[in-house]
Amino acid sequence: MRSNKMPEQTCRRCGYMMDQNTDAYGDSRPSPGDVSMCLRCGALSVFTEAITLRAPTGEENESLQRDSRITELQIMRAAVMGGALTRKKLSKK
């Protein structure tokens, strides 16, 4: 997986500042209509023509909930973030 610069923007749900994306299934450069997941809160967004993020439409959201790749990404994110939380707790001891 490669990282790629994108226009700096904040997550629409948690406000996390994002300025890079990493591909999970293909080209690391986002295209309009590609889906993004915030690593901090897990919110799903869709890239616009200007490569900014917007909330998915109701129809898009329904489709995303049935997409096994999204489920896989959510599981991976939970594992990574769970590990990060565990490392923080261990380092405080």
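**Figure 1. Salt bridges in the predicted model.** The structure, which is a predicted model, holds 2 salt bridges. One of them joins Arg54 to Glu60, and another joins Asp67 to Arg69. The next two views take these pairs in turn.

**Figure 2. Close-up of Arg54 and Glu60.** The closest N and O atoms of this salt bridge lie 2.8 Å apart. Is Arg54 buried or partly exposed? Arg54 has 30% relative accessibility, so it counts as partly exposed. Glu60 is also placed in the partly exposed class, because its relative accessibility is 24%. The limit that matters here is 20%, since a residue must be under that value to be called buried. Arg54 also falls within strand E5, which covers residues 53-54.

**Figure 3. Close-up of Asp67 and Arg69.** In this salt bridge, the closest N and O atoms are 2.9 Å apart. Asp67 has a relative accessible area of 19%, so it counts as buried. Arg69, in contrast, is partly exposed, because its relative accessibility is 44%.

**Figure 4. The sheet of strands E3, E4 and E5.** The protein chain contains 5 strands and 2 helices. Read from the N terminus, the order of these elements is β-β-β-β-β-α-α. Three of the strands form an open sheet in the order E3-E4-E5, and their pairing is antiparallel. Which strands are at the edges? They are E3 (35-37) and E5 (53-54), each of which pairs on one side only. E4 spans residues 44-47 and is joined to E3 by 3 bridges. Within this pairing, Leu44 of E4 is the bridge partner of Met37.

**Figure 5. The largest nonpolar core.** How many residues make up this core? There are 8 in all: Met6, Cys11, Met18, Cys38, Ala43, Phe47, Ile51 and Leu53. In soluble globular proteins, nonpolar side chains tend to be buried together. Phe47 belongs to this core and lies in the residue range of strand E4, 44-47. Leu53, another core member, lies in the range of edge strand E5, 53-54.

**Figure 6. Contacts of Met6.** With its neighbours within four places in sequence left aside, Met6 is in contact with Met18, Asp19, Gln20, Asn21, Phe47 and Leu53.

**Figure 7. The protein chain as a whole.** Of the 93 residues in the chain, 27% are buried. The chain exposes about 6600 Å², and carbon and sulfur atoms supply 52% of that area. Among contacts between residues at least 6 apart in sequence, 39% join residues at least 24 apart.

How values were computed: Residues numbered from 1 in each chain as written. Predicted model: local features only at pLDDT ≥ 70, side-chain atom pairs only at ≥ 80, totals over all residues. Heavy atoms only, no water. Helix = DSSP H or I, 4+ residues; strand = E, 2+ residues; numbered from the N terminus. Buried < 20%, exposed > 50% of the residue type's maximum accessible area, 1.4 Å probe, protein only. Contact = heavy atoms within 4.5 Å. Areas by Shrake-Rupley, 256 points an atom, 1.4 Å probe, with all protein chains shown as cover. Core = buried A, V, L, I, M, F, W, Y, C linked by side-chain atoms within 4.5 Å. Pairing = 2+ DSSP bridges. Salt bridge = Lys/Arg side-chain N within 4 Å of Asp/Glu carboxyl O.
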